Amino acid sequence: MRTVMLTSEGMDMQPCVATIGFFDGVHKGHQYLVSAVIEEAHQRDLQSMVITFDRHPREVLGSDFVPRMLSTYDEKLIMLSKTGVDTAVVLPFDREMASLTAYDFMRDVLRDRLNVKVLVIGYDNRFGSRGSDVFDDYVRYGRELGIDVISSQSLELSGVKVSSSVVRSLIQEGEIEMAHRCLGYPYTIVGTVVKGYHIGTGIGFPTANITVDDPRKLIPSPGVYAVWVRLSGSMERKQAMMNIGMRPTFDGRETTLEVHILHYSGNLYGEHLSVSFIKRLRQEHKFRSVAELTNQLHADAQQAEEVLGNQE
């Protein structure tokens, strides 16, 4: 896949079939849409293209908006490259671009600069400054501009239309397994191990306290999870369990992300970890004693090992 950042300079683009969107998470719905673009391009002997943005449009339109993202910019481009699309064009989204009407965008950007001959629109996609344009309007504009506009159907799993907002809701509710199905891969966060409170070490469950690299990355619902962990520079997966929460048994006052790697010993401070969520084991709650918590952690570790062992 060729990645192109659209600039003010002239660009020689091949005629193409394209789709446009933010593509947060590049979930199965996005993958389905891109596969439709690729198929249409093959049928018409054209190039295939995905058009996306360098930042969430609401970050520009609403100065106090902080998105909760399923994927970082780099992660998104890596996942788009796996779809088999020929080109990914990244548009620098600013107030000037936000001010374009749908017609102006289709004329100035899609037709004149990107040489789009066919535009495939996802079932829930809208663009243009007015916000009132619908699919029939895009079709009409396309006729005037020489762009065929066609629609793509939604992808449904278990009666749910797969979308980024649906996946975010699932993760925020701790429904990690359904989120996994919608994404097509385990939801993953990447972070650096920092010094913690050493409470886990004192009760036989040393944990790595993680600060997530991208503060905009969505954090799953509080609870205990079975997870896979990869250390920086290694492709080996390690079985682990992660607690997200405020450590209520110890009257914690801030949310922490703590991972305990099963059957592992070693200093992880400063390490870069990738944590992939597989199953939520339980909610976080306050135990009556440290002994009761310790017993539960042993049960959690056994359950995590069983869950992850079934995936090997």
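Among contacts (heavy atoms within 4.5 Å) between residues at least 6 apart in sequence, 74% join residues at least 24 apart. The protein has 10 helices and 14 strands, where helices (H or I, at least four residues) and strands (E, at least two) are DSSP runs numbered from the N terminus. Buried residues make up 48% of the 312 residues; buried means under 20% relative accessible area, exposed over 50%, and partly exposed in between, with a 1.4 Å probe and protein chains only. The C-alpha atoms fill a box of roughly 75 × 40 × 35 Å along the principal axes.

This is a predicted model, in which local features need pLDDT of at least 70 and side-chain atom pairs count only at pLDDT 80 or more, while totals for chains, interfaces and linings use all residues. Residues are numbered from 1 along each chain as its sequence is written, and side-chain values use heavy atoms, with hydrogens and water left out.

- An open sheet of 6 strands has the order 1-4-3-2-5-6 with parallel pairing; two strands pair if DSSP finds at least two bridges between them.
- Strand 1 (2-5) and strand 6 (148-151) each have a single partner strand, so one side of each is left without a neighbour in the sheet.
- Neighbouring strands of this sheet are turned by 25° against each other on average, direction ignored.
- Strand 1 pairs with strand 4 in the parallel sense over 4 bridges, and Arg2 stands opposite Thr87 in strand 4.
- Strand 2 and strand 3 run parallel and are joined by 5 bridges; the bridge partner of Val17 in strand 3 is Ser48.
- Strand 2 has 5 of its 5 residues buried, so it is largely enclosed by the rest of the structure.
- Cys16, Ala18 and Ile20 are buried on one side of strand 2, and Val17 and Thr19 are buried on the other.
- Helix 5 lies across strand 2, strand 3, strand 4, strand 5 and strand 6, at about 125° to strand 5; axes are lines fitted to C-alpha atoms, for helices over the stretch in contact, and angles run from 0 to 180 degrees between N-to-C directions.
- Helix 6 lies across strand 5 and strand 6, running at about 155° to strand 6.

**Nonpolar cores**

- The largest nonpolar core has 34 residues, and Ile51 and Leu114 have the most contacts inside it; such a core is a set of buried Ala, Val, Leu, Ile, Met, Phe, Trp, Tyr and Cys residues joined through side-chain atoms within 4.5 Å.
- Elements that give two or more residues to this core include strand 2 (16-20), strand 3 (47-53), strand 4 (87-91), helix 5 (102-111) and helix 6 (135-145).
- Helix 5 gives the largest share of this core, 5 residues.
- A second, separate core of 32 residues includes Met178, Val212, Met242 and Leu268.

- A closed barrel of 6 strands runs 9-10-13-12-11-14 with antiparallel pairing, and its twist averages 45° from one strand to the next.
- Strand 9 (residues 188-194) and strand 10 (residues 208-212) run antiparallel and are joined by 4 bridges; the bridge partner of Thr192 in strand 10 is Thr211.
- Helix 10 (residues 290-309) packs on the sheet, touching strand 11 (223-231), strand 12 (238-245) and strand 14 (272-282), and its direction makes about 105° with that of strand 14.
- At 1.5 Å a residue, the 20 residues of helix 10 should span 28 Å, and its end C-alpha atoms are 28 Å apart, which agrees; the expected span is 1.5 Å times one less than the number of residues.
- The buried residues of helix 10 are Leu293, Thr294, Leu297, Asp300, Ala301, Ala304, Val307 and Leu308.
- Seen down the axis of helix 10, its buried residues fall within an arc of 140°, so they line one face of the helix; the arc is that of the directions from the helix axis to the C-beta atoms.
- These buried residues of helix 10 pack against strand 11, strand 12 and strand 14, whereas the face turned away from the buried side carries the exposed residues Asn295 and Gln302.

**Individual residues**

- Asn115, in the loop between helix 5 and strand 5, has a positive phi near 60° although it is a residue other than glycine.
- His263 also has a positive phi, of about 55°, and is not a glycine; His263 is placed in the loop between strand 13 (256-261) and strand 14.
- His263 is exposed, with a relative accessible area of 70%.
- Ser169 lies in helix 7 (residues 164-172) and counts as partly exposed at 33% relative accessibility.
- The C-alpha atoms of Ser169 and Ala179, 10 residues apart along the chain, are separated by 8.8 Å.
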